[in-house]
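Thanks for coming. I will go through one structure today, starting with confidence and then moving to the contacts between chains.

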Amino acid sequence: MLAKSIDMPPGVHAPRHGRSDPPQARSSASSTQPDEMVGLVERAKSGDRAAVGALIRLIAPDVLSAARRVMGVRGRADADDVAQESLIALSRALPSIQEPMAVSGYAIRITVRNAMRARRRLARTVDMDFAPEPGSGQGEGDPESNAVALRRAEALSVLLDELPSDQAEALFLRIALGQDLATVAQTADAPINTIRSRVRLGMAAVRRKLAKRPHLRRLLEPES
Amino acid sequence: MTEIDHADEWAQQLEGAYRELGAPRDGDEALLERMSGAAEAASPAAASASIAGTLTLVAIAAVVLGGAVMVFGPEPEPEPSAVVSTVASSPATEVKPSVPERPAAPAVAPTIEAEPKAERELVPEVPTPASESATEDSASPAPPAVARTHSRSKRMETAAELLTRANAERRGGRYAVALGLYRRLQRQFPTTREAATSHMAMGRLYLTRTDEPRRAVKAFEEYLRRNPSGSLAPEAAAGIARAHRKLGDSAAERKAWEHLLARFPDSVYLQEATRALER
C-alpha cells in the first residue's frame, strides 16, 4: 500500500532487517552518532515534524550526491528531480521503517533506483559518439584528464543502463558511489553473496557489451 | 583477474570522476533546504500537524463562541488550553508548530526564498495514510477546513510543483503539455530558480524531441542570460552550439563553441568543442 501511494521505485521496500547501515564512508548521516540517529528516527516515526525535518536535512546531501553520481553529466538536469522525488518517498515511508539505522541506506537505495529509471528514460538521447583519442589527457588533474574521466564514468553508466536492474544497482553502488561489497549488501538489503553474484554477472555482461562497442572500450579499457 | 576485481579496479579508477559528479555545488544549500522542506511537507507527520492545527483553530473558535454565550450565564469560562487539548485530542507539542509556520500571503511575486515556506504549507495531493485519516474525521467539525486546504493547494501550486509536474509530463512524452507548463511556470514565477531551469528543459525538448533548433537556441540563451554561471550553463552553451549545427549554420556553431571554450574551459564539452572547431 505504501509503495503504491508514494511511487516507490520497483524493488525498493522499507527496510525491515536489523542491519546497521552506513551508506557512504563520508556521508553526513553516517557520521551521526548511532544513538542520535535512532532517537531522531524514532521521533520522526512517531509524528514529530521537527524530527522529520531534521532527519531529511541530515540525509538530503547524500541523496543529492548519489542522484548526481548516477545521473552523470548527461542527466545532470534531472538529478535534482530524482533527489527530490527520493526525499519525498523517504518522508512518506518513514512510519513503516522498522530499523532506524537502515534509514540512510534506504534513502540511497531509493535514490539509485529512481536515478536508474530516469537514466533509462534518457538513454535514447545519450550521444557517445565522440570518444577521445586513446592516450589523450593523461596528465593528472588537468582539465582534459578530468573530462576524459567523466566521459569514462558516463560510458560505464550507459552500459549499466542496459543491465538487469539488480545488477545495475549493485554496480552503481559499488563503482559510482564507491561502496564496498558489504555496504552494497546493506544498502541493497541483500546477502553479500547475492551482491557478489550480481557484481560478477553485471561485470561479465558489461565486458561482453564492450567487446561489441570499440569506441566505449577505448574509453574504459584504454590499455587493452 | 576476476569480475569482482575488475569492478574494484574501475571503482578505483573512476572514483575521482564520480566524486566530482556528486560534489557539492554553489547554491546547494538553498536547493537542499527547498528539497527538504518539500519532503517534510509531504510527510504524514506534516499532514497530521496540519489537521491538528485546523482542529485547534476550530476548538479556539468554539471557545470564543462559548465565551460569548457564557457572558449571559453564571458558569465560569473554561481555560482555552484545556479545551484545546480536549477537543483537538492531540498533544500541544504537535499543534504548536503548525501555527507559526503559516506564512503570510505574499504581497509581491514569490521569490526563490519564499518557495520553501509555501511548499511546507501545502497539503500533498497524493493520498497518504494521514490524509486518509483526515477523511475519516468527517464526523468532526474539521472536514470543511480540510477541504478548503486541499482546494487552496491546487490554486497555489508552487514553482517547484509546477516544475516537477512539467518534468513528469516531459518524461512521459507529453511534450506539448510539458512546454505549456514550463511557460506557465515562467509567467507565474518569473524570478524563481525553477523558472530559470525550465528554460534549460525547454531548450533540450526543442533540440532533441520536437526538432525546433531555432527555439532551442532562444531557450538556452535565455537560461544563460538568467544564469551566466548556473550549474547548467556549460550544457546551455553546448546546446546553443548543437542547435546551430542542426540549423546548418556553421559560423554560428563555431562562434558558440568558441564562446563555450572561453567561458567554460574545463567543461566536459572540451573535446566536442575542440573537434567541432577543427572541422
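What is the mean pLDDT of chain B, and what share of its residues reach 70 or more? The mean is 68, and 60% of the residues of chain B reach 70 or more; pLDDT is the predictor's confidence in each residue, from 0 to 100.

This is a predicted model, in which local features need pLDDT of at least 70 and side-chain atom pairs count only at pLDDT 80 or more, while totals for chains, interfaces and linings use all residues. Residues are numbered from 1 along each chain as its sequence is written, and chains are lettered from A and ligands numbered from 1 in the order in which they are written.

The model scores ipTM 0.78 and pTM 0.52. Over residues 68-154 of chain B, pLDDT stays under 50.

Now the interface. In total, 56 residues of chain A are in contact with 50 residues of chain B, contact meaning that the C-beta atoms of two residues, placed from the backbone, lie within 7 Å. On the chain A side, α3(A) supplies the largest share, 13 residues. Helices here are DSSP runs of H or I, at least four residues, numbered from the N terminus.

Last, two aspartates. A:D189, in the loop between α8 (181-188) and α9 of chain A, has a positive phi near 55 degrees. Is A:D189 buried or exposed? A:D189 counts as buried because it has 20 C-beta neighbours inside 10 Å; the cut-offs are 20 or more for buried, 12 or fewer for exposed, and partly exposed in between, with C-beta atoms placed from the backbone. B:D211 also has a positive phi, about 55 degrees, but is exposed, with 10 other C-beta atoms within 10 Å.
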